[in-house]
Amino acid sequence: MSPEPPPTMSLRQARRTALRAAGLHRERPARQAPPGLRDVTGVVDRLAVLQIDSVNVLARAHLLPLYSRLGPFDPALLDRAAGQPPRRLVEAWAHQASYVTPQTYRLLGWRHRAYRREAWGSIRDVPLDHAPVVEEVRAMLTGEGALTSRQVHARLAHEHPSRDDGWGWNWTVAKRVLEFLFFTGQVGSAGRTASFERRYDLVERVLPPAVLAAPEPDEADAVRELVACSVRALGVGTLRCVADYFRLRTEPTALALAELAEAGVVEPVHVVGWGPAWRHTAAVVPRTSTARALLSPFDPLVWQRQRLEALFGLRYRIEIYTPAAQRTWGYYVLPFLLGEHIAALVDLKADRRDGVLRVLAAHRAPLGPDHGGAIGDVPAALADELELMAGWLGLGAVVVGEGRDAAAAASSAVLGARIAAELAR
C-alpha cells in the first residue's frame with residue numbers, strides 16, 4: 001500500500017504562512033508607549049536568530065529586523081539585552097554571527113566541540129599555529145576581564161605584529177585566537193563598544209548561571225531542537241531552507257525533520273510551483289496579509305534567496321561587493337514589503353553629515369505570477385515608511401537623489417510624487 005501524498009499548499013498560502021511565522025503579516029500595532037525590552041527579546045524569540053553585521057550605511061544590520069517588526073525603538077535596548085547581566089541575548093555562530101537567546105546558545109555546544117569540521121581555516125588551525133598564545137589570551141581574560149581584540153593585540157604586538165598584505169580581513173594573531181575561543185565556546189561576548197568592537201570575556205561570566213548549570217544536550221538532540229526552531233520561524237520551507245537557518249548540514253537536518261514529523265511537530269507538504277517542503281504543525285495561514293515594512297538584506301525572510309524567489313517572485317542579491325556598473329538594484333537595497341508582496345526595492349543611505357535619508361534609487365519589484373492584480377498605492381506607502389525610518393534614525397528629511405543640493409520633500413505628498421517618478425524610471 002503506497003503512502004498517502006502530502007497535503008498541498010498554494011504559493012499564496014505558503015507565502016502568507018511564511019509572513020505570519022516571521023511576524024510580518026500585519027501592520028505594526030499602534031502603541032501608547034515605545035517598544036520595550038520585552039518587545040525586543042520577543043522578536044528574537046520568534047525568529048530564533050538575529051544576524052549581526054557591521055554594515056552601517058543605513059543602520060547596523062541586526063537593528064533592522066527589529067525595526068521592521070516593532071517600528072521605531074531604542075537600539076540601546078539591544079545593547080542592554082546582550083551587554084548587561086543577566087543577559088537575555090548572547091552572541092554565537094548560529095546563522096553567521098548572530099544574537100540568540102542563552103537557551104539557544106546551549107543548543108550549539110556540539111558545534112563548539114566540532115570546530116575541526118565546522119569552522120573555517122583561519123579559525124580551525126589556531127591550535128596548531130598559535131597554541132601558546134591561546135593559553136596566554138585565556139589567562140589574560142581570566143585575570144583582566146572583558147577585552148577587545150585591539151586591547152589584546154596591544155599586549156601581543158611585540159611578538160605578533162600586524163600583517164597587511166592588502167587582501168582579506170587581515171586578522172591579527174590576537175583576533176584569530178579570540179575568534180577561535182569564541183567559536184569554540186570558551187569565551188563569549190560581554191557586549192560591544194561604541195565603535196562596535198566585541199568585548200570578549202570567559203563564557204562563564206557571560207551566560208546566566210542557570211543556563212550554565214543546565215545539562216547540555218548531545219548533538220542529535222540539539223540539532224533536532226534547532227531544526228524545530230527553524231521550521232517554527234519559517235512556517236514553511238524546503239529542506240535547504242531549514243538547514244540554512246542555523247547553517248546545518250543536510251543529512252542531520254533531514255533526519256531531524258523525519259523524527260519531528262513522527263512526533264507531530266512538523267509535516268511534509270507540497271507547495272504548488274515550489275515543490276516538497278516542510279510545515280510546522282502549529283503554523284497558521286492568515287486570511288490576509290497587511291504589513292508594510294522595509295526589510296534588511298539580512299532579515300530571515302530575505303536571507304535564503306531561493307526561498308524569496310519562490311515565494312515572492314523576486315531574484316535578489318546583496319550587491320555591496322559587486323562593482324557599481326554591474327549592480328542590478330544598487331549598493332544597499334532594502335526590499336519593501338506591502339501586504340503580502342515585495343512591491344519595491346530601495347537603495348538607501350543615511351547621510352549623517354547632511355542629516356537626511358537619501359533614496360539613491362527605487363525600483364518596482366517584479367511580482368510573482370500569482371500576485372492577483374493591484375497591490376495598493378506603492379509610492380504613498382513607501383513614502384510614509386521612509387519618513388518613519390528617517391525619524392527613527394534621527395534624520396531630518398527624506399531626499400530623493402544623491403547630490404547635496406537635492407531638495408528635501410516638503411510634504412508626504414511631494415515625497416510620494418518623487419518616489420513615484422523614481423519607480424517609473
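Which residues of α17 are buried? Select helix α17, residues 305-312, and colour Arg-305, Arg-307, Leu-308, Ala-310, Leu-311 and Phe-312: these are the buried ones. Buried here means under 20% relative accessible area, with exposed over 50% and partly exposed in between (1.4 Å probe, protein chains only). Helices are DSSP runs of H or I with at least four residues, strands are runs of E with at least two, and both are numbered from the N terminus.

Before moving on, note that this is a predicted model, in which local features need pLDDT of at least 70 and side-chain atom pairs count only at pLDDT 80 or more, while totals for chains, interfaces and linings use all residues. Residues are numbered from 1 along each chain as its sequence is written, and side-chain values use heavy atoms, with hydrogens and water left out.

**Around α17**

Six of the eight residues of α17 are buried, so the helix is largely enclosed by the rest of the structure. To see what the buried residues of α17 pack against, show α1 (11-21), α14 (219-234), β7 (236-237), α15 (239-245), β11 (333-339) and β12 (341-351). Contact means heavy atoms within 4.5 Å. Then step just past the helix to Gly-313, which takes a positive phi of about 70 degrees.

**Aromatic pairs**

Next, show the rings. A search of the whole structure finds eight aromatic pairs. Rings of Phe, Tyr and Trp (its six-membered ring) pair if their centres lie within 6.5 Å; planes under 30 degrees apart count as stacked, over 60 as edge-to-face and the rest as tilted.

Select Trp-93 and Phe-183: the ring centres are 6.4 Å apart and the planes are at 40 degrees, so this pair is tilted. Trp-93 belongs to strand β3 (residues 90-94) and Phe-183 to helix α12 (residues 173-183), 90 residues apart. Trp-93 is buried at 16% relative accessible area, and Phe-183 is buried at 4%.

Stay on α12 and select Phe-180 with Tyr-115, which lies in helix α7 (residues 115-118); the pair therefore ties together parts 65 residues apart in sequence. Tyr-115 is buried, at 18%, as is Phe-180, at 5%.

Now select Tyr-67, Phe-73 and Trp-392, which ring pairs link into a cluster.

**Charges over rings**

Which ring does the charged end of Arg-60 sit over? Select Phe-196: the charged end is 4.4 Å from its ring centre. Finish at Arg-198, whose charged end sits over the ring of Phe-182, 4.0 Å from its centre. A charge sits over a ring if NZ of Lys or CZ of Arg is within 6 Å of the ring centre and within 35 degrees of the ring normal.
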